[in-house]
Amino acid sequence: MSDNKETQAAATPATSLQDIIAHAKEYGFVFPSSEIYDGLQAVYDYGQNGVELKNNLKTAWWKAMTQLHDEVVGIDASIFMHPLTWKASGHVDSFNDPMIDNKDSKKRYRADQLLEGKAEQYEKAGDEARGQALRNELGRLQGAEDMEGLRDLIIAEGIVCPISGTSNWTEVRQFNLMFSTQVGSVAEDASLIYLRPETAQGIFVNFLNVQKTGRMKVPFGIAQIGKAFRNEIVARQFTFRMREFEQMEMQYFVRPGTEMEWYEKWRDTRLAFHKAIGLPAAKLKFHIHEKLAHYANAAVDIEYEFPFGFREMEGIHSRTDFDLKSHQELSKKKQQYFDNDINPETGKPYGNYIPYVVETSVGADRLFLATFCNAFTKETVGEGETQKERTYLKLHPALAPIKAAVFPLVRKDGLPEKAEQIVKSLRSEFRVIMEERDAIGKRYTRQDLIGTPYCIAVDYQTLEDDTVTIRHRDTTEQERVHISELKAKIGHAVSMERILELL
């Protein structure tokens, strides 16, 4: 190693969400949608670096699900589905959020989020018992669908509108979150249809198609990555809560009575995945659901500590046989599996049954935001007069948008041509670019800010002995290696295998 700089970091200041939003836009990760028309609330576009990071996260998830588990296969179901799908799933009748308006500011809020925010205030002030008691009462009222009780609780807790500062609240009302449109070539013949609010139902209606064509044996899983749409009335916190978002879900079909065993297994497996991609254990925790959805007999969230607190990133749910049974009842098509394994209690095959389901569902956009927040690093390096602040994205090398950048020291004397040869020799293995504008120090900084783990400097010595200098993002250390070593050295570090081997 050479040029080992002093990089002792000072205490890193807390990162705000505004820091994250500003950095994401300035360096090509996330843009407000249709910004030239002043944007559209809660809708975002992924830029040239953001789409690479998000695609890398999706690839890591897909491989972890389907490549590491022989019994898990993937599908890609359509966004449009027969409207009775959403009747069977319960979305038509009960996919609602409790909303409340402040009469003075005319602003609308989710009643449950106002109360959850108050509970967080208690907990941050050290009164965890009062915070938990408020959460329990919120869960009780939601379970009873007591809208009047929610309003009374908001008033009793002294919750005011942050805009008007008053507690002049309307009644709490339920708003359905599904987007609807019409399908048909002639307006009067068009029929109502929904943009899917989740990807899970596309898996359930294809359960038997996959099982029969793939000769799948219970237990087995079906994985899917796809867009979903929810008409969030109060969308906030950047890409955490959006109206158009992407889900990565896997539904695991199991024999009734074994669901809790598989629920616990997938809960632990999914936590291990988040650690493997670089999210620290200290910023991850389980949140067990006290109030369960109508389809579940167990549920837990994996929460990540975002700049705005711990929030759900992934849900693991034991969904019982609710979905398949509901589709069987409404469609009149049997959704049963014949299990010819021998039941040790009866000595006979288990026979026909509707499988139970364990679901893992992670938001790709939330995982992107967690990864981005975790990677955003500010530190003070150097000492005395040489001390300065350094900002970089400490992304897992396998997730970084660009794996390596090649820098000719100057734009003459054959150095750019040599750099281009190196780029061509590497680009089939991983994403690599060449940069030749500005001083080399500025080029290093630019790559740090988008998370490039390796920079390769081509200088006059390269022309003599085919060696280059690799500069490492996290430590800024440099080492001299032969060009012939680059593919193996960098390729190993940036491979998805580095993530999968931890699972």
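Are Phe407 and Tyr444 buried or exposed? Phe407 is buried, and Tyr444 is buried as well; buried denotes under 20% relative accessible area, exposed over 50%, and partly exposed the range in between, with a 1.4 Å probe and protein chains only.

Colleagues, this is a predicted model, in which local features need pLDDT of at least 70 and side-chain atom pairs count only at pLDDT 80 or more, while totals for chains, interfaces and linings use all residues. Residues are numbered from 1 along each chain as its sequence is written, and side-chain values use heavy atoms, with hydrogens and water left out.

I turn to the aromatic rings. Searching the whole structure gives 19 aromatic pairs. Rings of Phe, Tyr and Trp (its six-membered ring) pair if their centres lie within 6.5 Å; planes under 30 degrees apart are stacked, over 60 edge-to-face, and the rest tilted. The Phe407 and Tyr444 rings are tilted, because their centres are 5.5 Å apart and their planes stand at 55°. Phe407 belongs to strand β19 (residues 404-408) and Tyr444 to helix α14 (residues 440-450), so the pair ties together parts that are 37 residues apart in sequence. Helices (H or I, at least four residues) and strands (E, at least two) are DSSP runs, numbered from the N terminus.

Elsewhere, one aromatic cluster is formed by Phe29, Tyr46, Phe368 and Phe372.

Charges over rings come next. The charged end of Arg390 sits over the ring of Tyr392, 3.9 Å from its centre, and Lys285 lies over the face of Phe310, 4.5 Å from the ring centre. The criterion is NZ of Lys or CZ of Arg within 6 Å of the ring centre and within 35 degrees of the ring normal.
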